[in-house]
Amino acid sequence: MDLLKTVFGIDVSSRKSNVCIMVNGQKVNDYAISNDMVGFNQLLGDLKQVTNPQIIFEATGVYSRRLQAFLDMHELRYVMMNPLEAKRKTKDDLHQNKTDKLDALYLAKLQSEHPQRLAYVQSKEYQELMANNRIYEQASHDLITNKNRLHKAVQLTFPEIEHLLANPRGKNYWSIALRFPHPDIVLETKEADIIDFLKSLSGIGEKRTNDLAQRLIRLAKLACPAVKKSSAHIRGLEMAINNILSAEETCQTALKEMAKLAPKRDLEILKSIPGIAENTALRIISELGDIRRFNNPSQLNAFVGVDPQVYESGNLTAHLSISKRGTAIGRKVLYLAINQIQSAKKAGNPCHIADYYEKRKRSSETASHKKAAIASIHKLLRTIFALIKNDQLYSYDVAKHNQRLLS
């Protein structure tokens with residue numbers, strides 16, 4: 001039986017990775033490998049020479065994903081540290097001269113002296129769910145950015161067009177602004193051609209088409225644009241709209257893919273919570289993954305990164321802000337869910353989480369919305385954990401009864 005404890009600490013960067021090998025707490029070797037098949041196979045050769053090698057590296061976004069996939073392919077277990085957590089756990093060994101070699105050494109030392117829990121490798125379906133949600137998040141960010149750019153451009157080219165429809169957003173508005181970015185273009189176009197264009201848009205009846213055409217012409221006559229129709233600002237407006245349409249399509253495609261991959265029963269359970277509609281439920285599942293892998297709600301809180309940090313010194317124990325060890329996107333989605341749950345209660349759909357939020361707000365005059373929302377996220381995660389573990393749909397009466405038993 002091999003009694004040696006061999007740890008491979010790996011610091012991953014964009015093009016190369018530094019490897020530090022420790023045996024029973026003593027460094028025996030360090031070297032650099034390229035982040036490609038040649039380098040990874042070099043690492044694999046050393047790993048195969050050891051019984052039960054312990055591998056530890058930081059999750060460095062896209063850079064560490066290739067190493068992670070390679071280790072998964074060869075069915076090698078590993079510890080994948082959140083960078084913030086790794087920094088905090090190696091704080092006693094801070095070094096002035098930070099280098100990749102030293103980072104690999106300190107990771108290996110951490111695992112040698114204080115073994116960390118092995119990463120849970122989720123199924124390919126959950127990995128794809130998260131990948132689609134990350135695409136959705138990026139496209140949503142692009143959507144907001146380009147909507148702001150469009151608004152600024154319209155103020156120069158044809159601000160009155162924002163008053164054409166009751167709500168200046170959506171595919172019809174973007175299509176009209178793309179076709180008529182300047183009032184001169186409207187006035188140079190025959191009314192019949194304007195009507196034909198408006199008829200091509202979805203959800204606009206014949207009578208409304210004629211009314212919209214007349215309204216568009218009136219707005220064009222009133223307009224006093226800051227730039228000519230030949231201005232570069234027109235091209236900027238067109239670019240913003242095309243980016244909006246592309247981002248909107250990307251969001252919808254990502255949601256459709258998530259809907260195909262998400263476990264139907266889990267989706268049904270999450271949607272039973274008042275305020276959580278399908279899109280939010282899909283995004284929660286994509287970020288939390290298979291909730292059944294957690295043994296208790298505290299593990300789920302830690303995974304998301306809403307567990308409190310604890311500072312201990314002598315007889316003093318203080319609870320600091322949340323750890324933020326998990327995914328920022330996951331916390332963002334859950335924060336959004338709390339807002340939606342609050343809105344649902346105002347619309348007549350009660351939820352014990354909304355009750356708890358209001359209780360937290362009332363308990364302290366200085367309590368901010370953010371603090372109350374974070375506390376409510378804890379409550380939401382406990383609720384999600386219990387519902388999915390017990391395969392139950394949400395019931396406000398049952399939730400209130402359980403709350404009374406716990407209080």
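In this predicted model, helix α6 (residues 171–179) packs against helix α10 (residues 232–261) at an angle of about 155°, and their axes lie 10 Å apart. Because angles over 145 degrees count as roughly antiparallel, α6 is roughly antiparallel to α10. The crossing of these two helices is left-handed. On the α6 side the contact is made by K171, W174, A177 and L178, while α10 contributes L237, E238, I241, N242, I244, L245 and E248. By class, the residues of this contact comprise 7 nonpolar, 1 polar and 3 charged.

Helix α14 (residues 328–346) and helix α16 (residues 369–390) meet at an angle of about 95°, with 9 Å between their axes. The range from 65 to 115 degrees counts as roughly perpendicular, and α14 and α16 are therefore roughly perpendicular to each other. From α14, the residues R331, L334, Y335, A337, I338, N339 and I341 take part in the contact; their partners on α16 are H369, K370, A373, S376, I377, L380 and L381. This contact divides into 9 nonpolar, 3 polar and 2 charged residues.

The largest pocket holds about 1600 Å³ of space. It is lined by 40 residues, of which A59, M80, A119, Y120 and F303 are the closest to its centre. Two or more lining residues come from each of the helices α2 (62–73), α3 (83–89), α5 (124–157) and α13 (297–304), and likewise from strand β5 (79–81). The lining is made up of 19 nonpolar, 12 polar and 9 charged residues.

How values were computed. Residues numbered from 1 in each chain as written. Predicted model: local features only at pLDDT ≥ 70, side-chain atom pairs only at ≥ 80, totals over all residues. Heavy atoms only, no water. Axes fitted to C-alpha atoms, helices over the stretch in contact; angles between N-to-C directions. Helix = DSSP H or I, 4+ residues; strand = E, 2+ residues; numbered from the N terminus. Parallel < 35°, antiparallel > 145°, perpendicular 65-115°, else oblique. Left-handed = near helix turned anticlockwise from the far one by under 90°. Contact = heavy atoms within 4.5 Å. Nonpolar A, V, L, I, M, F, W, Y, C, P; charged D, E, K, R; others polar. 1 Å grid on protein atoms, 1.4 Å probe; cavity = no way out; pocket = protein on both sides within 12 Å on 5 of 7 lines; lining within 4 Å. Points joined across faces, edges and corners; volume = space filled by probe spheres on them.
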